[in-house]
Amino acid sequence: MPTDLQDLLGIFLEEVRDLCRQAAKSVLELEQGTAGDGAEQQVAALARALHSIKGSGATLGVDDVARLAHALEDLIAPLRRDGERLDAASADALLRYLDVIMQRMEAHAQGRGAELTDVGPDVDELRRLASTDRPARPAKDGAGTSASAAAQSSVAHTAPRSAIRADGSNEARAAANDEDAWRVSPQKISALIREVERLREARLRASEQWRAVSSATRQLAGARPEIREALATVARGMRGEADELGSIIEGLESEIRSICTVPVAVILEPLHRTVRDVCRQSGKEARLSIVGGELELDRRLVQALRGPLVHLVRNAVDHGLESPEERRALGKHAEGALVLRVELQGNMVFVEIADDGSGIDLERVRQTALAHGLIDEAAAAAMSDAELQQLIFRPGFSTRTEVTDTSGRGVGLDLVRAEVQALRGVLEVESRRAQGTRFLLTLPTDLGSSFVLVVRCGEQLFGIPMHAVEAVVRTRRTSLRVGRHEIWLVDDDRSLPLRDLAAELRIRSPEVPEEGRPLVIVQREAHTVALSVDEVVGDRELLVHPLPSGVCPEPAYRGAAAMAQGELMLVLQPQWLVHSSNSTAEPVGATSRALVVDDSLTARAMHRAILEAGGFTVHAVGSAARALDQLRHSAYAIVVCDVSMPDMDGLAFARELRRRTDTAQLPLILVSGQDDASAREQALSAGADAFLGKRECASGRLLAEVSDVIARRRGAA
Amino acid sequence: MKLRSLSEELADLSPEQRSLLELRARRLATAAAEEKEEALVYFAEFPVGEHAYAVPLEAVRAALPLRLVTPVPLSPPHIVGVLRFQGRIISAVSVEALLGVRGWQQDPAVLLVVDPGFGELTAIDCERIPVAMALPRSAVEAALQGSDAAVVEVMTPDRRQVHLIKLGQLLDRRHRSDRAD
């Protein structure tokens, strides 16, 4: 096939896709009678769409598509001519053959037109339907779907992209030859976006350097004025460069966005059809409402979301909603409610699919998992509700006892989760028995960034999304009300719960903030809290990516963002911040607190694993200096410290502990990679209660040593 | 010396000598056939404490120094932290913390980026950069089939005991359960 004709077919394919989408929407509205006074316009729109497909198909030589479109025009002729209502059989036929048109068009665009079967029988079938006397009755027969008025107002209509006209003009050829129309591969766009991300990191580094130079300049109070002025000039220049970089990045992102984005409605709108089809198959009733369809998102993301959303919506109807009879018996409306909401915050997309159905039957999930051998009895008995909910994502899991067209094969939610993970996203589920289920997809886009307030807690920086930050204030002790279990900040005629962010993150024990300590007022979903932090570093514009699954069972993090040197900073989830409220309090049954001091992250992980298995709540720090600071504010039953650390080693740390009156009796175990007699002697001389080589740090041995040391100190006290 | 053909040489052999030669020939032919069939599977081997562990070499994507890893408060103890790798965020996991700490010689300072087979790369910690080694496929398959555990022991040809890690099974715990093991 000549290349130019192939190109034309590719363009026509997009045109047909849009037209079929519009036509299907019209069919659904006409079938349900929701078009109201606009029924005539909907019929006209449907007719125009079919006419466009017919004309352009004929022009480009895809006669099968043209013939099908013509036959469909005949089918709807009575609607135009006599004002008849669209019956269910005609609606089925229209929707089915719109699908056939799409499939045939895709085959032609891919050069597989010769493989297609003769379209004659399909045309004959449509002619037969068109000539059958149809009863003039409303289409809805008790099973079906409808689109809400709210969804109508919130869904953006996508205009046809090409200039193909039904009158068979050659404007299609002209459009293909138009030199302004380029084809760019997705890989090139991805490469461009990656370069923009590198630019963003370069800008971040430039900003950090400007801040460093400004800070150094301020500290040079005693230097000669001309030196300070020269440095100040350099700092101003650096800031200017950083600002210009930022401007360039914004411009680039804006242009890329205009190339790459489409309204998310292009994949949401067809879901009305999906709901309709599943309802007809299952005998259920459902109404789909869409919020946020007008948002424009990266088209790769939109296309990739199509499959998962179809599956989740089908799952919601098939598994989530009860039958109309069951719903009436429960006092619910016979028609189930599905809500699909899309929201964009910075560079994070949130897609929520919620139903008001029966919720996940956890006992049934447990029994099904046992029956399929996915878990054993012991594991089943020990699982929490949250863990049981996660079983629905296991491959092969299905509570259906028989296979239907919709479900039962156990190939479903695991694939959806895998597809979402492939997009670097996260899929979560929440469910309440008899009330409904909510799936939440969180996905990053490569475009756009999030403004984040950077704060420090202990050794680590964290980000708080700026849209959730109401204010940053300084602690005034006179504004605090310290109760037995809570601290309150009394501020401007309101009382806010005050929490220590480091304690919420289990970095250290809760502290009453001292005078002047920064407090970040965070507001989300009508809840407001005051968070005490060690330092407010400033605001940054960052690209936030979700964390890998399984990293943190608590929904504490929105994701992580790359900082100037490539290191990651965790960005906190505002919903978690306002609701955390002792949800991360030290576990019930934890006997004591242990402090691990080691500059090695991996060693800290191993010590933590051992001590937590022994029932301790573990705080870990990376330096002796940080440990000494932490010991001023928190009480610990035991300290396990590495000997080899930069700056202050474990021996100096031990001597310092023994020098201070508040820590002189604190049980201390020193550990070292060097475990000879000399090292042991040095450790004990420095004031350690025990010494272990790292080779000896097997779980049982360390815990035994810890118990022994604590007991000895208590006995001596 | 006159050169004689093989058939002339064989004709001079006694029945016992002929029988012995035939036996040796059969043995040599069998050994060659066995050698041809003994395929090897390649692993990346690394020490943790006193023990040697190995992961399939085909699953290894990179070996990195342990740096720029961000710890994640509230994460299970086996999660060392998260880091960036080729533009994506991956988790770093402590093998010892997952399997049960049995002591170590030096703090693991190498991260081995692996593909466990469920769509996400993960980094596991090692005390040093792994070395490649080969094991007979038959021995590997026998070890894997003989146990459902995430780690199985296999004897190397030079009589060393190596612990083979089934990456998907070991690391999939975090997908099965949100609690720490």
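Q: How many of the five residues of strand S10 (residues 161-165) of chain B are buried?

A: Four of the five residues in S10 of chain B are buried, and the strand is mostly covered. Buried stands for under 20% relative accessible area, exposed for over 50%, and partly exposed for values in between (1.4 Å probe, protein chains only). Strands (E, at least two residues) and helices (H or I, at least four) are DSSP runs, numbered from the N terminus. This is a predicted model, in which local features need pLDDT of at least 70, side-chain atom pairs count only at pLDDT 80 or more, and totals for chains, interfaces and linings use all residues. Residues are numbered from 1 along each chain as its sequence is written, chains are lettered from A and ligands numbered from 1 in the order in which they are written, and side-chain values use heavy atoms, with hydrogens and water left out.

Q: Which strands are joined to S10(B) by bridges?

A: Two strands pair if DSSP finds at least two bridges between them. Strand S2 (residues 51-56) of chain B runs parallel to S10(B), with three bridges; strand S9 (residues 151-155) of chain B runs antiparallel to S10(B), with five bridges. B:His163 in S10(B) is the bridge partner of B:Tyr53 and also of B:Glu153.

Q: What do S9(B) and S10(B) form, and how many residues are between them?

A: They form a hairpin with five residues between the two strands. In the turn, B:Arg159 has a positive phi of about 65 degrees.

Q: How many salt bridges are found over all chains?

A: Side chains of opposite charge can pair when their charged atoms come close. The criterion for a salt bridge is a side-chain nitrogen of Lys or Arg within 4 Å of a carboxyl oxygen of Asp or Glu. The whole structure has 58 salt bridges over all chains. One of them joins the side chains of A:Asp92 and A:Arg280 at 3.1 Å, N to O. This pair links distant parts of the chain, 188 residues apart: A:Asp92 belongs to helix H4 (residues 88-109) and A:Arg280 to helix H11 (residues 271-282) of chain A. A:Asp92 is partly exposed at 23% relative accessible area, and A:Arg280 is partly exposed at 31%.

Q: Where do A:Asp361 and A:Arg433 lie?

A: The side chains of A:Asp361 and A:Arg433 form a salt bridge (3.4 Å, N to O). A:Asp361 lies in the loop between strand S6 (348-355) and helix H14 (362-371) of chain A, and A:Arg433 in the loop between strand S7 (426-432) and strand S8 (436-444), so the pair ties together parts that are 72 residues apart in sequence.

Q: Is A:Asp18 buried or exposed?

A: A:Asp18 is buried, with a relative accessible area of 3%, and is found in helix H1 (residues 3-32) of chain A. Its side chain makes a polar contact (a pair of N or O atoms within 3.5 Å; within protein, one must be able to donate a hydrogen and the other to accept it, and residues adjacent in sequence count only if both atoms are side-chain atoms) with the side chain of A:Arg21, at 2.8 Å.

Q: What pLDDT does chain A average?

A: pLDDT is the predictor's confidence in each residue, from 0 to 100. Chain A averages 82, and 86% of the residues score at least 70. Over residues 135-179 of chain A the pLDDT is below 50, and this stretch has 89 contacts in the model beyond near neighbours in sequence, where contact means heavy atoms within 4.5 Å.
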